[in-house]
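Here is a short briefing on a predicted model.

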Amino acid sequence: MSAATTRSRTPDRLCAEAVDLARTAAEEAAAPGVVGEHVSAVAEGDRVVTHFFECKDPGYRGWRWAVTVTRASRAKNVTLDETVLLPGEDALLAPEWVPWSERLRPGDMGPGDLLPTDAEDLRLEPGWSGEDEPPPNSAVSAEMAELVEAEDADVTDRTVVPARGSIASVAEELGMRRARVLSRYGLHTAADRWDETFGAKTPMAQAAPASCVSCGFLVAIGGSLGQAFGVCSNEFGPADGHLVSLSYGCGGHSEAAVMPKPLRPAPPVLDSMASDEFPLRPAPDTGSVPSTELPAEDLGHS
């Protein structure tokens with residue numbers, strides 16, 4: 001170990017004793033009552049010492065005020081170098097900064113927000129714009145090569161709307177003139193994301209009596225996604241208006257249960273062969289009439 005290294009690790013006596021100077025500098029930089037007790041003094045180099053003071057600010061728990069002082073060679077006057085607030089070993093630190101493109105989560109966009117896409121986004125790939133020549137094995141190139149050349153010769157401004165009936169106009173009507181379209185990777189990631197929300201592994205699908213592939217409320221969609229997904233149209237279902245996997249299911253399946261018909265009362269039964277007895281007076285043993293019998297004259301009989 002060299003002598004210079006030994007001297008740099010040993011705090012300079014005058015700089016180490018300048019605690020009051022360091023405290024005054026820290027109190028000027030901080031709010032009143034924030035600078036706490038003197039923690040330590042560390043040698044940063046020859047005649048360079050950093051004094052650490054406790055920070056009492058509740059928002060900077062574990063942080064320390066660091067004041068660096070120094071003096072010139074063969075000089076006894078200690079001067080101030082810098083004053084900063086540094087985190088300690090148990091300091092409360094902010095999380096590592098992450099770019100906005102990595103912090104963005106599904107559902108974060110609001111009205112008026114713009115989400116730019118990277119030029120090298122793996123979810124997209126260049127679409128057919130109509131400006132390139134068709135591939136040699138295309139039927140269009142074999143049948144209409146002369147027409148394509150004539151159109152390219154007449155069009156001088158690429159911003160001009162394609163003529164009606166041309167290949168470019170037909171492609172634009174079919175949605176083929178987009179600058180970029182969904183790539184196979186982007187299609188697979190979207191399908192995996194939708195399957196996690198409304199797929200076969202969800203608790204709702206596990207308890208469903210049948211899958212959506214046999215449900216009458218499923219609206220079929222076109223393209224390759226139609227082989228695995230559809231749109232739910234059951235207003236009482238949990239996925240109404242959402243893209244659902246064909247293996248998804250819920251209790252609102254159209255064929256899961258049939259609504260029972262309301263019960264009807266049984267038709268009345270009439271017995272026309274027998275007669276019911278209707279006594280003219282209550283029985284004597286019921287206690288509601290006196291036990292003495294009334295004369296026959298009272299009933300109008302002779």
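Four strands make up an open sheet, in the order S1-S2-S3-S4, with antiparallel pairing. Strands pair if DSSP finds at least two bridges between them. Helices (H or I, at least four residues) and strands (E, at least two) are DSSP runs, numbered from the N terminus.

The model is predicted: local features need pLDDT of at least 70, side-chain atom pairs count only at pLDDT 80 or more, and totals for chains, interfaces and linings use all residues. Residues are numbered from 1 along each chain as its sequence is written, and side-chain values use heavy atoms, leaving out hydrogens and water.

**Sheet and packed helix**

- Strand S1 (35-45) and strand S4 (79-87) are the edge strands, and each pairs on one side only.
- On average, neighbouring strands of this sheet are turned by 20° against each other, direction ignored. Axes are lines fitted to C-alpha atoms, for helices over the stretch in contact, and angles run from 0 to 180 degrees between N-to-C directions.
- Helix H3 (residues 19-29) packs on the sheet and touches S1, strand S2 (48-55), S3 and S4. The direction of H3 makes about 115° with that of S1. Contact means heavy atoms within 4.5 Å.
- Strand S3 (residues 63-70) runs antiparallel to S4, and eight bridges join the two.
- Arginine 64 stands opposite leucine 86 in S4.

**Aspartate 12**

- Aspartate 12 sits in the loop between helix H1 (3-9) and helix H2 (13-17).
- Aspartate 12 has a relative accessible area of 13%, so it counts as buried. Buried means under 20%, exposed over 50%, and partly exposed in between (1.4 Å probe, protein chains only).
- The aspartate 12 side chain reaches the backbone nitrogen of cysteine 15 at 3.1 Å.
- Not counting residues up to four places away in sequence, aspartate 12 touches Arg47, Val49 and Arg71.

**Alanine 29**

- Alanine 29 lies in helix H3.
- Alanine 29 is partly exposed, because its relative accessibility is 48%.
- Neighbours within four places in sequence aside, alanine 29 contacts Trp65 and Thr83.
- Alanine 29 and threonine 83 are 54 residues apart in sequence, yet 7.3 Å apart in space, C-alpha to C-alpha.

**Cavity**

- A cavity is a set of points, on a 1 Å grid over the protein atoms alone, where a 1.4 Å probe fits but cannot get out; lining residues have an atom within 4 Å of a point.
- The count comes to one cavity of 30 Å³ or more.
- The largest cavity has a volume of about 100 Å³. A volume is the space filled by probe spheres set on the points.
- Residues lining the largest cavity include Cys212, Cys215, Cys232, Cys250 and His253.

Notes:
Polar contact = N/O pair within 3.5 Å; in protein donor to acceptor, adjacent residues only side chain to side chain. 1 Å grid on protein atoms, 1.4 Å probe; cavity = no way out; pocket = protein on both sides within 12 Å on 5 of 7 lines; lining within 4 Å.
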